[in-house]
Amino acid sequence: MKTTIAEAGKHTNQTVTIGAWLANKRSSGKIAFLQLRDGTGFIQGVVVKAEVSEKTFRLAKELPQESSMYVTGTITVDDRSPTGYELAVQEIDVIQEANDYPITPKEHGTEFLMDHRHLWLRSKKQHAIMKIRNEIIRSTYEFFNNNGFVKVDPPILTGSSAEGTTNLFHTKYFDEDAYLSQSGQLYMEAAAMALNKVFSFGPTFRAEKSKTRRHLIEFWMIEPEMAFMDHEESLELQENYVSYVVQSVLSNCKLELTALERDISVLENIKAPFPRITYDDAITFLQKEGYEIDWGEDFGAPHETAIAESYNKPVFITNYPKDIKAFYMKPHPERDDVVLCADLIAPEGYGEIIGGSQRIDDEELLKQRYDEHQLSYDAYQWYLDLRKYGTVPHSGFGLGLERTVAWICGIEHVRETIPFPRLLNRLYP
Ligand code: 4AD
Ligand code: MG
């Protein structure tokens, strides 16, 4: 019977056939241990010389790493194995012998691994990261579907910018100029006026010349937008959403978190509500800690890390100065120098994972912002229309998937959180 490693537990003491690759092996004169992987998981195959044909034992000893094969054997319970099972191998049917696989179990440098990303993805650690990324996406859809949201897909090719013009990717659209989407937000606002609560999940692009462990050129964003919801209600939704995702990963990705040696106890604590600190108080705190930062300046990575270190949960920094935030953010009702926005800063130095705000819903104020930011009325007329025909209070936010994956997995750099990262100096593979 054909099965997979993930399904092994359903077939204990049965003879099965699994299509697999050889991840690693070791052997002595009488026994060989094969580390087999099939993409669904990893299992150890035990080949005992006295119990198999001469050919099978020779293959078990000599097959090179990443050779592909069908392995037939009996699934046995084994308490020492992380998955709880082993395969007592009876026969190996080789599909291809793979010679000179470049990624050996020894250590390689990052550039070498990045050049071989198409193969590096097969390793146990990268496999675990991709499975956790998938669980974050799966639980995101589950959370928003359970809460009455409709998934809407904004365009990737756009005629205008959503988050300022400094890092836009330009391309030609026949005779017109076009840009790759920096954020689907403006379109999601239109969708919220049609469908009430909506969310998007898609690629976004920023031609950022920054080479940090938190920046990608192409990254994926989850962007919910809610009609009739104010800033405070949006923060509650955000903390419930992030808690849901973390708890889903804890429940459904135990093997993967173990493979990554992730400290589970810090994740177990991630439950709503999350602490909130105003931008004003954050500046005062940083100044007391000895940082040279003045009111009105944006936070850099060291500032965010210093603030996050005071908490063992993600923390919302609220009400930033209007001048360092996007044109569409609604001013604070009691002071017009700050806006109704929040960034959610992850613990353990992972930085901003969410940026969100209540949006301006007044047509005249939005026009004033168009003038201040020199936005073209031609390109943005449709966005003004949303304030002209039945405007309502509304809020939304964007969660950066890769930074969230990095934090939950506890890995250093976002380049390992996406299958094929696009970085300042990398378009290959
Ligand atoms: O804070 P940002 O720029 O917000 C927006 O784009 C809003 N329009 C979202 C909205 O309200 N619908 O980006 C949102 C998140 C950040 O918090 C961060 O997690 C991630 O996107 N992000 C990046 N991730 C990786 N690489 C980059 N270059 C990123 N830039 C932003
Ligand atoms: Mg931001």
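In what order do the eight strands of the open sheet stand? The order is β7-β11-β12-β19-β18-β17-β14-β13, with mixed pairing. The model is predicted: local features need pLDDT of at least 70, side-chain atom pairs count only at pLDDT 80 or more, and totals for chains, interfaces and linings use all residues. Residues are numbered from 1 along each chain as its sequence is written, and chains are lettered from A and ligands numbered from 1 in the order in which they are written.

**View 1. The eight-stranded open sheet.** Strands (E, at least two residues) and helices (H or I, at least four) are DSSP runs, numbered from the N terminus. Two strands pair if DSSP finds at least two bridges between them. β7 (150-151) and β13 (276-278) are the edge strands, each pairing on one side only. Strands β11 (residues 197-205) and β12 (residues 218-227) run antiparallel and are joined by nine bridges. Trp 220 in β12 has Pro 203 opposite.

**View 2. Helix α5 on the sheet.** Helix α5 (residues 185-195) touches β7, β11, β12 and β19 (394-400), where contact requires C-beta atoms, placed from the backbone, within 7 Å. The direction of α5 makes about 35° with that of β12; axes are lines fitted to C-alpha atoms, for helices over the stretch in contact, and angles run from 0 to 180 degrees between N-to-C directions.

**View 3. The crossing of α4 and α6.** The axes of helix α4 (residues 124-146) and helix α6 (residues 231-252) come within 9 Å and cross at roughly 130°. The two helices are therefore oblique to each other (under 35 degrees counts as roughly parallel, over 145 as roughly antiparallel, 65 to 115 as roughly perpendicular and the rest as oblique). Contact residues include Ile 132 and Phe 143 of α4 and Tyr 241 and Asn 252 of α6.

**View 4. The shell around ligand 1.** Ligand 1 is surrounded by 23 residues, the closest being Ser 183, Gln 185, Gly 355, Gly 398 and Gly 400 (C-beta atom, placed from the backbone, within 6 Å). β12, β18 (351-358), β19 and α13 (401-409) each give two or more residues. β18 gives the most, with five residues.

**View 5. The three-stranded open sheet.** The order is β8-β10-β9 and the pairing antiparallel. β8 (157-158) and β9 (169-173) each have a single partner strand, so one side of each is left without a neighbour in the sheet. Two bridges join β8 to β10 (residues 176-180), and Leu 157 has Leu 180 in β10 as its bridge partner.

Key. A crossing is left-handed if the near helix is turned anticlockwise from the far one by less than a right angle, and right-handed if clockwise. Two residues are in contact if their C-beta atoms, placed from the backbone, lie within 7 Å.
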